[in-house]
Amino acid sequence: MLAAVYPGSFDPITNGHLDIIKRSCRCFDKLYVAVFENQAKEPLFTVEERVSMISEECQDLPNVEVTSSRGLLVDFARVNGIQVLVKGLRAVSDFDYEFKMALMNKKLAPEIETVFMMTSLQYLYLSSSLVKEVAVYGGCVKSLVPPRVERKLVSKLHKSV
Ligand code: PNS
């Protein structure tokens, strides 16, 4: 069985993330979508909220399991018998960061491969950070995130104002 994990902060999940999930789950027998803490980022949503939002959007994808984890991604992969790490690549700006992480993960776990999936053209500019910035200032994020996520985003930002 070929299993993969698509890790990320998903704070919150965007249509770009969902595009990568839908396309990559067709390439593997099983795809884990795993919410990790990113040490460099202060999250808006709790891990539980993020897992719940992703789960709602993935309910029609039978080979996708949504979960969360702490610690090293390669440890999560090893424990779950995962052979492949899936990463989405948007612009050249992602490349340096992703390339370094892929090499570090290879150093830590030589038996695990990183596979990069190119973003679809319409999501080239899309990131959770930009979505939050647009939403904070009252901009429309309708075509950027699923409707359920948009509602949660708006209510979270209104609550914290
Ligand atoms: O969506 P993000 O914030 O770009 O995702 C980054 C993430 C969560 C995939 C990365 O920070 C990660 O893999 N975290 C787990 C800890 C780990 O394994 N760090 C070493 C990476 S070389």
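Residues are numbered from 1 along each chain as its sequence is written. Because the model is predicted, local features need pLDDT of at least 70 and side-chain atom pairs count only at pLDDT 80 or more, while totals for chains, interfaces and linings use all residues, and side-chain values use heavy atoms, with hydrogens and water left out.

The shell around the ligand holds 13 residues, of which S9, N38, K41, G71 and L73 come nearest; a residue is near a molecule if one of its heavy atoms lies within 4 Å of it. An N or O atom in the side chain of S9 is 2.4 Å from an oxygen atom of the ligand, a polar side-chain atom of K41 lies 2.7 Å from a ligand oxygen atom, and a polar backbone atom of L73 is 2.8 Å from an oxygen atom of the ligand. On its own the ligand has 550 Å² of accessible area, of which the protein covers 81%, areas being computed by the Shrake-Rupley method with a 1.4 Å probe.

Elements are DSSP runs numbered from the N terminus, with helices (H or I) of at least four residues and strands (E) of at least two. Those that give two or more residues to the shell around the ligand are β1 (3-8) and α4 (92-108), and α4 gives the most, with four residues. By class, the shell has seven nonpolar, five polar and one charged residues, where Ala, Val, Leu, Ile, Met, Phe, Trp, Tyr, Cys and Pro count as nonpolar, Asp, Glu, Lys and Arg as charged, and the others, Gly among them, as polar.

The ligand sits in the largest pocket, which is to say that more than half of its atoms lie within 2 Å of the grid points of that pocket. A pocket is an open set of points, on a 1 Å grid over the protein atoms alone, where a 1.4 Å probe fits, with protein on both sides within 12 Å along at least five of seven lines, and its lining residues have an atom within 4 Å of a point. About 1,200 Å³ of space lies in the largest pocket, a volume being the space filled by probe spheres set on the points. Its lining comprises 44 residues, with G8, S9, N38, K41 and Y97 nearest the centre, and divides into 17 nonpolar, 16 polar and 11 charged. At least two lining residues come from each of β1, α1 (15-24), β4 (84-89), α4 and α5 (128-136), and the largest share, eight residues, comes from α4.

The second largest pocket has a volume of about 170 Å³, and of the 11 residues that line it, A135, V136, G138, L157 and H158 are the closest to its centre. Both α5 and α6 (147-160) supply at least two residues of this lining, the largest share, four residues, coming from α6.

Two backbone features remain to be described. Most residues other than glycine have a negative phi, and most peptide bonds are trans. F10, although not a glycine, has a positive phi of about 50°, and a cis peptide bond with omega of about 0° joins D11 and P12. F10 is placed in the loop between β1 and α1, and P12 is likewise in the loop between β1 and α1.

How values were computed:
Polar contact = N/O pair within 3.5 Å; in protein donor to acceptor, adjacent residues only side chain to side chain.
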